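Subject: Structure handover and findings

Hello,

Here is the structure I promised to pass on. Please open it alongside this message.

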Amino acid sequence: MTDVSAIAEPHAAGIGPGRLVLVVGPSGAGKDTLLGLAKSACADNSDIVFPRRLITREASASEDNQQVSAEAFQLAVAGGDYAMHWEAHGHRYALSRAIDDDIRAGRTVIANVSRTVIAVARRNYANVVVVSITAPPEVLAARLAARARASDGVLAQRLARTVDETTAAPDFTIVNSGTAEYHARQLARIIKGERWDPSSEGKDANVGD
């Protein structure tokens with residue numbers, strides 16, 4: 001999809017009026033890199049929030065996540081402390097309930113999540129925008145091999161999982177095969193609710209399916 005509105009159709013029953021921007025995509029797509037650059041680009045806007053995910057594994061240097069034990073995670077789930085949580089690659093992930101307060105205050109919240117939570121998020125929040133970040137299969141494989149993170153598990157299994165994550169259609173797709181700076185600008189514009197013509201910025205990137 002190209003040049004579509006970054007503002008999803010509101011659902012009256014969901015939490016609002018702020019926006020929830022969900023970033024999804026296969027392992028190796030470069031989501032954390034683009035999110036880090038977009039966060040810097042949005043640093044002067046206090047109404048744009050990048051919450052830290054809680055994860056039951058050790059966070060890497062490229063991630064802004066908070067490590068929690070499996071026991072603490074389960075207690076938090078039981079206590080209703082998480083706005084959303086999911087499992088992937090043998091680990092558990094969550095976003096704090098604090099994002100609900102930000103969205104009620106009219107802020108934009110951006111988070112890297114699993115596609116499995118999109119349907120629930122669209123029911124629970126009034127204004128959800130889904131951004132898919134992907135790359136050609138050979139690029140994904142090379143990035144995962146170079147990362148060599150022990151918690152990634154078996155590379156072949158991780159790549160195989162990516163091809164079947166089609167539970168929800170994104171509002172935007174960024175094919176991250178050009179420069180990180182270029183694609184981060186695209187992501188920042190989506191976060192800010194801006195529109196643009198990709199063809200006006202060069203030929204090293206694409207937005208669309």
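Below is what I found in it, by topic.

**Confidence**

This is a predicted model. Mean pLDDT for the protein chain is 80, and 74% of the residues reach 70 or more. Strand 2 (residues 48–49) has the highest mean among the elements, at 98. Strand 10 (residues 206–207) has the lowest, at 45.

Two stretches need care when you read the model. Residues 1–11 stay under 50 in pLDDT. The model still gives residues 1–11 32 contacts beyond four places in sequence. Residues 162–167 also stay under 50, with seven such contacts.

Strand 1 pairs with strand 7 in the parallel sense, over five bridges. Arg-19 stands opposite Thr-108 there. Strand 1 also pairs with strand 8, again parallel and over five bridges. In that pairing Leu-22 faces Val-130.

Strand 5 is mostly covered, with five of its seven residues buried. Strand 5 runs antiparallel to strand 6, and six bridges join them. Ala-88 has His-91 of strand 6 as its bridge partner. The two strands form a hairpin with two residues between them. His-89, in the turn, has a positive phi of about 55°.

**The nonpolar cores**

Which residues touch the most other members of the largest nonpolar core? They are Leu-20, Met-84, Trp-86, Ile-99, Val-113 and Tyr-125, out of 23 residues in that core. At least two residues of this core come from each of strand 1 (19–24), strand 5 (82–88), strand 6 (91–96), helix 3 (98–104), strand 7 (108–112), helix 4 (118–124) and strand 8 (128–134). Strand 5 gives the largest share, four residues. There is a second, separate core of 22 residues. Among its members are Val-21, Cys-42, Ala-184 and Ala-188. In soluble globular proteins, nonpolar side chains tend to be buried together.

Look at Trp-86 in particular. Its relative accessible area is 6%, so Trp-86 is buried under the 20% cut-off. Beyond four places in sequence, Trp-86 contacts Arg-53, His-91, Arg-92, Tyr-93, Ala-94, Leu-95, Asn-112, Val-113, Ser-114, Thr-116 and Val-117.

**Aromatic pairs**

How many aromatic pairs does a search of the whole structure find? The search finds two.

One is Phe-73 with Tyr-82. Their ring centres are 4.9 Å apart and their planes are at 50°, so this pair is tilted. Phe-73 is buried at 0% relative accessibility. Tyr-82 is buried too, at 9%.

The other is Trp-86 with Tyr-93. Here the centres are 5.8 Å apart and the planes are at 5°, so the pair is stacked. Tyr-93 has 4% relative accessibility and counts as buried.

**Ile-103**

Ile-103 lies in helix 3. Is Ile-103 buried or exposed? Its relative accessibility is 0%, so Ile-103 counts as buried. Beyond four places in sequence, its contacts are Ile-15, Gly-16, Pro-17, Gly-18, Arg-19, Leu-20, Val-109 and Tyr-125. The C-alpha atoms of Ile-103 and Val-49 are separated by 9.5 Å, while the two residues are 54 apart along the chain.

**Helix 7**

Helix 7 covers residues 180–192. Does its length agree or disagree with 1.5 Å a residue? Its 13 residues should span 18 Å, and the end C-alpha atoms are 18 Å apart, so the length agrees.

The buried residues of helix 7 are Tyr-182, His-183, Ala-184, Gln-186, Leu-187, Ala-188, Ile-190 and Ile-191. Of these, Ala-184 and Ala-188 belong to the second core. Gly-193 follows the helix, with a positive phi near 75°.

Best wishes

Key. Residues numbered from 1 in each chain as written. Heavy atoms only, no water. pLDDT = per-residue confidence, 0-100. Contact = heavy atoms within 4.5 Å. Expected span 1.5 Å × (residues − 1). Buried < 20%, exposed > 50% of the residue type's maximum accessible area, 1.4 Å probe, protein only. Core = buried A, V, L, I, M, F, W, Y, C linked by side-chain atoms within 4.5 Å. Phe/Tyr/Trp six-rings, centres within 6.5 Å; stacked < 30°, edge-to-face > 60°. Pairing = 2+ DSSP bridges.
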